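Please open the model in a viewer and keep the selection panel at hand.

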Amino acid sequence: MSAAASSTASWPQATDGEIAAINLESARRHAWMRFRQDPTLPDIAEAIVDMERLRIQFAGDVEALDRLEALAARLSDAEESFRAALVQAEVASTGHRFADATMHLARATVLGAPREAADRQALAIDQARGMELDRVLDARRRIARAGARLEDLVPLGAVLADLERFTEAEAVYRQAFDAYAGTSPFPPAWVCFQLGMLWGELNPVPDLNLAARWYRRAIAYVPVYVRARVHLAEIHANQGRTDDAEALLLPVLSSSDPEVRWRLADVLIAQERFEEAEAQLEAARFGFEKLLETHLLAFADHAAEFYASSGNNLKRALELARANIANRPTRHALQQAHAIVSKAEVTTAATQAKASHVQVPE
């Protein structure tokens, strides 16, 4: 067992996660009220972007993308400034519209944006797209050495994981724990989730028990953590613990993230509750398609995974995987597309073989 999972002594203490989620929602609503009164107030738009991104990350509130786009448009109408352009770039990047984000950054630079702010966003875009990761790694190391803060160390751990340097990535995530001196539960929950992903999804030799421990810890920090619940439920389902998986998903069924209903459908199928499963699959399908209409690039990868499995539409899956690769040719995106192509080839071959053995009545 990894020391990262076996020892709780170094886990940061934090505010109760349910209280923190309530406080976040209260602060978000208040900030929006102020923004609507005067969108040019200093730092208010930036604060809303941060809070809405937390809603997306932890509560699965995908409708926040619509709110963010409305915010960026309103601020741009209110003032022509590098600040407005930087906010537009941040919002576009959140929706994985990286070409738009790069365009907004260029305009922000022309309008006089501080170089550090523009460079920070450009670095995040390059990392998200899997571009020049060795250069990104060097930059992330310099930033981490300068401040050694959790918010700088987690992106460093993520790029190490992207480069498949998993032992180093775990060490950096542990360093992020040690560096955290705040009281909010969201940052340490984020680290726990990254470690769960590291051992459950990214490592070619997964350790699902270890990943599950990290996901459970993330949920202990933030009980509403939808993505952690989804990933832990998937592990439980694969281990035949379908009741545990269902118990994890039901409390977050109201989330606007369609993956919750997709994973619940898989659990219901395993329990042979086929009619209920079909209703959840249809809801997931509707949810994905609704999101793809307005935020294709943000959800192409998850929707491709859905259609390649429970959604049962390999043509749609491949279409979405190709859109994802065109936008961000990361290793994961390429591996996903290759897996879908291979599955489609196997399915086609099996169909042809079956057809060749069909007896045609005289």
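A search of the whole structure finds 32 salt bridges, each being a side-chain nitrogen of Lys or Arg within 4 Å of a carboxyl oxygen of Asp or Glu. The model is predicted, so local features need pLDDT of at least 70 and side-chain atom pairs count only at pLDDT 80 or more, while totals for chains, interfaces and linings use all residues. Residues are numbered from 1 along each chain as its sequence is written, and side-chain values use heavy atoms, with hydrogens and water left out.

**Charged pairs**

Select Glu52 and Arg67, which form a salt bridge with the closest N and O atoms 2.8 Å apart. The pair links distant parts of the chain, since Glu52 is in helix 3 and Arg67 in helix 4, 15 residues apart. Helices here are DSSP runs of H or I with at least four residues, numbered from the N terminus. Glu52 is buried, at a relative accessible area of 0%, whereas Arg67 is partly exposed at 21%. Buried means under 20% relative accessible area, exposed over 50%, and partly exposed in between, with a 1.4 Å probe and protein chains only.

Next select Arg273 and Glu246, whose side chains meet in a salt bridge at 3.1 Å, N to O. Arg273 lies in the loop between helix 15 (259-270) and helix 16, and Glu246 in helix 14 (residues 242-249), so the pair ties together parts that are 27 residues apart in sequence. Arg273 counts as partly exposed at 27% relative accessibility; Glu246, at 14%, counts as buried.

Then display Glu25, Arg28, Arg29, Glu52, Arg55, Asp61 and Arg67 together: salt bridges that share partners join them into one network.

**Helix 5**

Move to residues 82-94, the 13 residues of helix 5. The expected span is 1.5 Å times one less than the number of residues; for helix 5 this gives 18 Å, and the end C-alpha atoms are 18 Å apart, which agrees. Because 12 of the 13 residues are buried, helix 5 is largely enclosed by the rest of the structure. Its buried residues pack against helix 3 (44-59), helix 4, helix 6 (98-110) and helix 7 (115-129), where contact means heavy atoms within 4.5 Å. Just after helix 5, select His96, which takes a positive phi of about 60°.

**The cavity**

Where should one look for enclosed space? Select Leu65, Leu68, Glu69, Val91, Gly95 and Arg97, which line the largest cavity. On a 1 Å grid over the protein atoms alone, a cavity is a set of points where a 1.4 Å probe fits but cannot get out; a pocket is an open set with protein on both sides within 12 Å along at least five of seven lines, and lining residues have an atom within 4 Å of a point. The volume of this cavity is about 30 Å³, counted as the space filled by probe spheres set on the points. Helix 4 (residues 64-78) supplies the largest share of its lining, 3 residues.

**The second largest pocket**

Finally, select Glu63, Ser256, Phe286, Gly287 and Lys290, which lie nearest the centre of the second largest pocket among its 15 lining residues. About 310 Å³ of space lies in this pocket. Helix 16 (residues 274-308) contributes the largest share of the lining, 7 residues.

Definitions and conventions
Helix = DSSP H or I, 4+ residues; strand = E, 2+ residues; numbered from the N terminus.
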